[in-house]
Amino acid sequence: MNQSKRLWKVAFTHRAEEDIFEIFTFIAECDGPDVAEAILEKFITARDSLRELPDRGRIPPELERVNILSFREIQVKPYRVVYQVNSAAHEIYIHVVADGRRNFAILLKERLLGSVSKKKKKL
């Protein structure tokens, strides 16, 4: 008997939801709501693809260079979707959705590593 694979739960962080809202709003204003809807559908398809293949993305090179290997990314061109896999909980957390033409070294440092630096300073 062939059992179906257990799908992974995929969740956006609050900040990643804001990213998508900002992208959608910008595209809707510049190119129209139909184009914005099409991009939104691509984000949804990308999210859904992670439910079956969570490790399919690559490690972001900006993080790999500094030996931070716990994040992965997939592309919804020209956007990069950065996520983290929690194998123990069978969950995926999407942290960043941003235009890949941005300076990702700075963006990832602020968004993913900034909270770690702040916690260390408080100690």
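Analyst: A cavity is a set of grid points where a 1.4 Å probe fits but cannot get out. With that in hand, we can look at this predicted model.

User: Happy to. How many cavities of 30 Å³ or more does a search of the whole structure find?

Analyst: The search finds 1 cavity that reaches this size. The largest cavity has a volume of about 30 Å³.

User: Which residues make the lining of the largest cavity?

Analyst: Its lining consists of Phe 12, Phe 43, Ala 46, Arg 47, Ile 74, Val 81, Ile 94 and Val 97. Two elements give two or more residues to this lining, namely α2 (33-50) and β4. Helix α2 supplies the largest share, with 3 residues.

User: Let's stay with α2, then. How do you know that its span agrees with that of a helix of 18 residues?

Analyst: By setting one number against another. At 1.5 Å a residue, the 18 residues of α2 should span 26 Å, and the C-alpha atoms at its ends are 26 Å apart, so the two agree.

User: What makes one face of α2 the buried one?

Analyst: Start with the residues: Ala 36, Ile 39, Phe 43, Ala 46 and Leu 50 are buried in α2. Viewed down the helix axis, these residues fall within an arc of 80°, and therefore they line one face.

User: What do the buried residues of α2 pack against?

Analyst: They pack against β1 (9-12), α1, β2, β3 and β4.

User: Which residues of α1 are buried, and where do they sit around the axis?

Analyst: The buried residues are Ala 16, Asp 19, Ile 20, Ile 23 and Ile 27. They cover an arc of only 90° around the axis, so they are on the same side of α1. His 14, Phe 21 and Glu 29 are exposed on the other side. After α1 comes Gly 32, with a positive phi near 105°.

User: Now the strands. Why is Glu 91 called buried?

Analyst: Buried means under 20% relative accessible area. Glu 91 has 18%, so it counts as buried. This residue belongs to strand β4, which covers residues 91-99. Leaving out residues up to four places away in sequence, Glu 91 touches Trp 8, Lys 9, Gln 84, Val 85 and Asn 86.

User: And why is Ile 92 called buried?

Analyst: Its relative accessible area is 0%, and the cut-off is under 20%, so Ile 92 is buried. Ile 92 is also found in β4. Among its contacts beyond four places in sequence are Val 10, Leu 50, Pro 54 and Tyr 83. Ile 92 and Arg 47 are 45 residues apart in sequence, and their C-alpha atoms are 9.5 Å apart in space.

User: What makes β4 mostly covered?

Analyst: The count does: 8 of the 9 residues of β4 are buried.

User: What about β3 and β4: how many bridges, and in which sense?

Analyst: They pair over 8 bridges in the antiparallel sense. Tyr 79 is bridged to Asp 99 in β4, and Gln 84 stands opposite Tyr 93 in β4. The two strands form a hairpin with 4 residues between them, and His 90 in the turn has a positive phi of about 60°.

User: Where does β2 come in?

Analyst: Strand β2 (residues 71-76) runs antiparallel to β3 (residues 79-86), joined by 6 bridges. Phe 71 stands opposite Gln 84 in β3. These strands form a hairpin too, with 2 residues between them.

Terms used
Residues are numbered from 1 along each chain as its sequence is written. This is a predicted model: local features need pLDDT of at least 70, side-chain atom pairs count only at pLDDT 80 or more; totals for chains, interfaces and linings use all residues. Side-chain values use heavy atoms; hydrogens and water are left out. Buried means under 20% relative accessible area, exposed over 50%, partly exposed in between (1.4 Å probe, protein chains only). Contact means heavy atoms within 4.5 Å. The arc is that of the directions from the helix axis to the C-beta atoms. Two strands pair if DSSP finds at least two bridges between them. On a 1 Å grid over the protein atoms alone, a cavity is a set of points where a 1.4 Å probe fits but cannot get out, and a pocket is an open set with protein on both sides within 12 Å along at least five of seven lines; lining residues have an atom within 4 Å of a point. Grid points are joined across faces, edges and corners, and a volume is the space filled by probe spheres set on the points. The expected span of a helix is 1.5 Å times one less than its number of residues.
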